Amino acid sequence: MLTKKGKYGLKALVHLASLPAGQLAFVNDIAVANNIPKKFLDAILGELRNAGFVQSRKGKEGGYRLARPASEIKIGHVVRVLDGPLAPICASRTQYQRCEDCDEATCQVRHMMLEVRQAIAEVLDNRSLAAMRDADNDDFPAELTSQI
């Protein structure tokens, strides 16, 4: 499940991706436009800066901007930076830990979670920030929107 931190981080990146190339945005403007608590957003943007997704400049003319083109930023990478592995520990590729109470070869729960992890990674690792920004939600499947 995507945490609020992950959701807010993605919203902030989409906001920055919507600006003209190189234009800076103040934290407060991003926070207000996306209904994100400013103090929480400050911390999230710091993590995104440390991970190389955004750049910041201090001062009156300061703010945040993308550190590289939105087409080069993959959503899966952002989610992993902000929220950690995409799957439960028993199905994670990077944080795998064997469950003490199951046989890895026959555990149906682990096998299903591996499949779920793969499906999530397939979507997130092949979608860029630019694609997310430019998505036309009119073609989003109605059966999925009725479930949320």
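Two strands are said to pair if DSSP finds at least two bridges between them. In this predicted model, strand 1 (residues 54–57) and strand 2 run antiparallel and are joined by four bridges. Arg-57 stands opposite Gly-63, a residue of strand 2. The two strands form a hairpin with five residues between them. In the turn of this hairpin, Gly-59 has a positive phi of about 105 degrees.

**Helix 1**

The buried residues of helix 1 are Gly-6, Tyr-8, Gly-9, Leu-10, Ala-12, Leu-13, His-15, Leu-16 and Ala-17. Among the elements that cover these buried residues are helix 2, helix 3, both strand 1 and strand 2, helix 4 (75–83) and helix 6 (129–134).

**Helix 2**

Helix 2 (residues 27–34) has Val-27, Ile-30, Ala-31 and Asn-34 as its buried residues. Seen down the helix axis, these buried residues fall within an arc of 100 degrees, so they line one face of helix 2. An α-helix has 3.6 residues a turn, so residues three or four places apart point the same way. On the other side of helix 2, Val-32 and Ala-33 are exposed. The buried residues of helix 2 pack against helix 1 (4–17), helix 3 (38–50) and strand 2 (63–66). Just after helix 2, Asn-35 takes a positive phi of about 55 degrees.

Asn-34 lies in helix 2, and Asp-83 is found in helix 4. Buried means under 20% relative accessible area. Asn-34, at 17%, is therefore buried, whereas Asp-83, at 22%, counts as partly exposed.

| Side chain | Backbone atom | Distance |
|---|---|---|
| Asn-34 | oxygen of Ile-30 | 2.9 Å |
| Asp-83 | nitrogen of Gly-6 | 3.5 Å |

Leaving aside neighbours within four places in sequence, Asn-34 is in contact with Lys-11 and His-15. With the same exclusion, Asp-83 is in contact with Leu-2, Thr-3, Lys-5 and Gly-6. Asp-83 and Lys-5 are 78 residues apart in sequence, and their C-alpha atoms are 7.3 Å apart in space.

**The nonpolar core**

The largest nonpolar core has 30 residues, and those with the most contacts inside this core are Leu-48 and Leu-66. At least two residues of the core are supplied by each of helix 1, helix 2, helix 3, strand 2, helix 4, helix 5 (108–124) and helix 6. Helix 1 gives the largest share, six residues. Not counting residues up to four places away in sequence, Leu-66 touches Leu-13, Leu-16, Ala-17, Phe-53, Val-54, Gln-55, Ile-73 and Leu-129.

Key. Residues are numbered from 1 along each chain as its sequence is written. This is a predicted model: local features need pLDDT of at least 70, side-chain atom pairs count only at pLDDT 80 or more; totals for chains, interfaces and linings use all residues. Side-chain values use heavy atoms; hydrogens and water are left out. Buried means under 20% relative accessible area, exposed over 50%, partly exposed in between (1.4 Å probe, protein chains only). The arc is that of the directions from the helix axis to the C-beta atoms. Contact means heavy atoms within 4.5 Å. A polar contact is a pair of N or O atoms within 3.5 Å; within protein, one must be able to donate a hydrogen and the other to accept it, and residues adjacent in sequence count only if both atoms are side-chain atoms. A nonpolar core is a set of buried Ala, Val, Leu, Ile, Met, Phe, Trp, Tyr and Cys residues joined through side-chain atoms within 4.5 Å.
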